[in-house]
Structures are given as structure tokens and as C-alpha cells.
Amino acid sequence: AGGFGAAAATSGFGAGMTTGRMGRQPSYASFDDEPPLLEELGINLPQIWRKTTQVLLPMRVSAAVLEDGDLCGPIAFLLAFGSLLLLAGKMYFGVLYGWSVVGTMAVYSVLSLLAGKGDAVDFYTCTSLVGYCMLPLLAPAALALLIPHGAVLNTVALGAATWGAGVGSSHFCTIVKPFAGQRALVAAPLALLYAAFTTLIVF
């Protein structure tokens, strides 16, 4: 009887903890101890907002914010751009993804050649800035849903591409000092990339 009681005592569960089979360690995990879902996914909404405002208001620039390689904002803008095109009857998500990848790699290669050794911009920073600076393209994409294609839409699309390239080149010159006197060369590949995106809107 004593042996049976000892065996029952050792096989029971302790208060306040759980044990699994095969000798696993006790688990004290609680939902209250887990971090928020956005934090687990690496999504920093205040940082995304700060970087977005620096695209819309480029006179208030922080190099520390610009150097952050956040990709959540660019992905959100790309999805929004594709969704606006979809509302216009254009299914271009695959095209947007392909052009974004190839275009970003081309911009990164050009900027690396311009900067030289030791001053090249980080790839994630480059990808993040290229993605954030496509934000102005959402304006003509949304406008295309309200007005017919024509001179007005073409002008707005051209202005958006110019704005994105201008702001992007300014931001790159801020974080990479050798670019300070080469802003036009930095803006050129960005302008070509954003101009390619505007063709999806106007045609």
C-alpha cells in the first residue's frame, strides 16, 4: 500500500504547473506575458508614420529614421498601389512585385557605384527608401478612378514620379555624404523606376 501511495504521489501534477510526457520541463507560459502581435511581427507603426511624414514633408528629415531598413511601409504602399490599379480593372500585382525587385536592385547597384567603397548605402535601407518614396504614386492611381485618362492625369502622374525621385535623392544625399554633389545622378535611376510605375496608371 505504501509503495502504491508513493507511486501515485510521484505521478501526480504539481499545483500551479503543468508537465508533459517524456520528461518535458514544466511550462509557466501565460498569455499576459506575450508581447503584442505587431511587435512579434516586427511592425513598428510609429516608425512607419515618422518615415512616411518625412516623404511628404522632406524639410523635417532625421538621418536616424531614414537609415532604418523598415520594409513594412513599402510593402503596404505597394499593396495599396496594386489595389488601386485593381479597382481600375488592372491586375498588376505580379508586375509590381517583379519591377520592385529588379528596380530596387538596379538602383542599389547604381548608388553603390556612385558611392564607392566604404560609403555604399545598406541594401535594406535602399529598399526601404525606394519603397517609401513611391508613396506619391498613390495619388494619380487614386485619381485615375475618378477622372478619365488624359492630360490632367498624365500631369499628376509625372508630378508624382518627379516628387518621389526628388525626395528620394534628397534622402539618399542625407544619409550618404558622397552623394551631396551628385543629386541629379542619384535622382535619375529613381525617376526611371517611378516613371515605369506611372505607365501602369496612364495606359
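Cys-173 is buried, at a relative accessible area of 13% (buried means under 20% relative accessible area, exposed over 50%, partly exposed in between, with a 1.4 Å probe and protein chains only). Cys-72, on the other hand, is partly exposed, at 26%. Take a disulfide as a pair of cysteine sulfur atoms within 2.5 Å, and the count for this model comes to zero. As a reminder, a disulfide is a covalent bond between the sulfur atoms of two cysteines.

## What you're looking at

This is a predicted model, where local features need pLDDT of at least 70 and side-chain atom pairs count only at pLDDT 80 or more, while totals for chains, interfaces and linings use all residues. Residues are numbered from 1 along each chain as its sequence is written, and side-chain values use heavy atoms, with hydrogens and water left out.

The pLDDT (the predictor's confidence in each residue, from 0 to 100) has a mean of 84 over the protein chain, and 80% of the residues reach 70 or more. Confidence is lowest in helix α1 (residues 2-11), with a mean of 45, and highest in helix α8 (residues 138-143), at 97. Across residues 1-28 the pLDDT is below 50, and beyond near neighbours in sequence that stretch has eight contacts in the model. Contact here means heavy atoms within 4.5 Å.

## Helices from end to end

The protein chain has 10 helices and zero strands. Both kinds of element are DSSP runs numbered from the N terminus: helices are H or I with at least four residues, strands are E with at least two.

Of the chain's 203 residues, 35% count as buried. Look at contacts between residues at least 6 apart in sequence, and 68% of them join residues at least 24 apart.

## Val-55 and its neighbours

Val-55 sits in helix α3 (residues 45-56) and is buried, with a relative accessible area of 2%. Leaving out residues up to four places away in sequence, Val-55 touches Tyr-132, Cys-133, Leu-135, Pro-136, Trp-163, Val-167 and His-171. Val-55 and Leu-129 are 74 residues apart in sequence, yet their C-alpha atoms are 9.1 Å apart in space.

## Two spots on helix α10

Helix α10 spans residues 183-202 and includes Ala-184. Ala-184 counts as exposed because its relative accessibility is 62%. Its C-alpha is 8.7 Å from that of Gly-166, which is 18 residues away along the chain.

Thr-198 also lies in helix α10, but Thr-198 is buried, at 10% relative accessible area. With residues up to four places away in sequence not counted, Thr-198 touches Leu-137, Ala-157 and Ala-161.

## The largest pocket

The largest pocket holds about 360 Å³ of space. On a 1 Å grid over the protein atoms alone, a pocket is an open set of points where a 1.4 Å probe fits, with protein on both sides within 12 Å along at least five of seven lines; lining residues have an atom within 4 Å of a point. Grid points are joined across faces, edges and corners, and the volume is the space filled by probe spheres set on the points.

There are 18 lining residues, with Leu-78, Ser-100, Val-101, Thr-104 and Thr-127 nearest the pocket's centre. The elements giving two or more residues to this lining are α5 (72-87), α6 (93-115), α7 (123-132) and α10. The lining divides into 14 nonpolar residues, four polar and no charged (Ala, Val, Leu, Ile, Met, Phe, Trp, Tyr, Cys and Pro count as nonpolar, Asp, Glu, Lys and Arg as charged, and the others, Gly among them, as polar).
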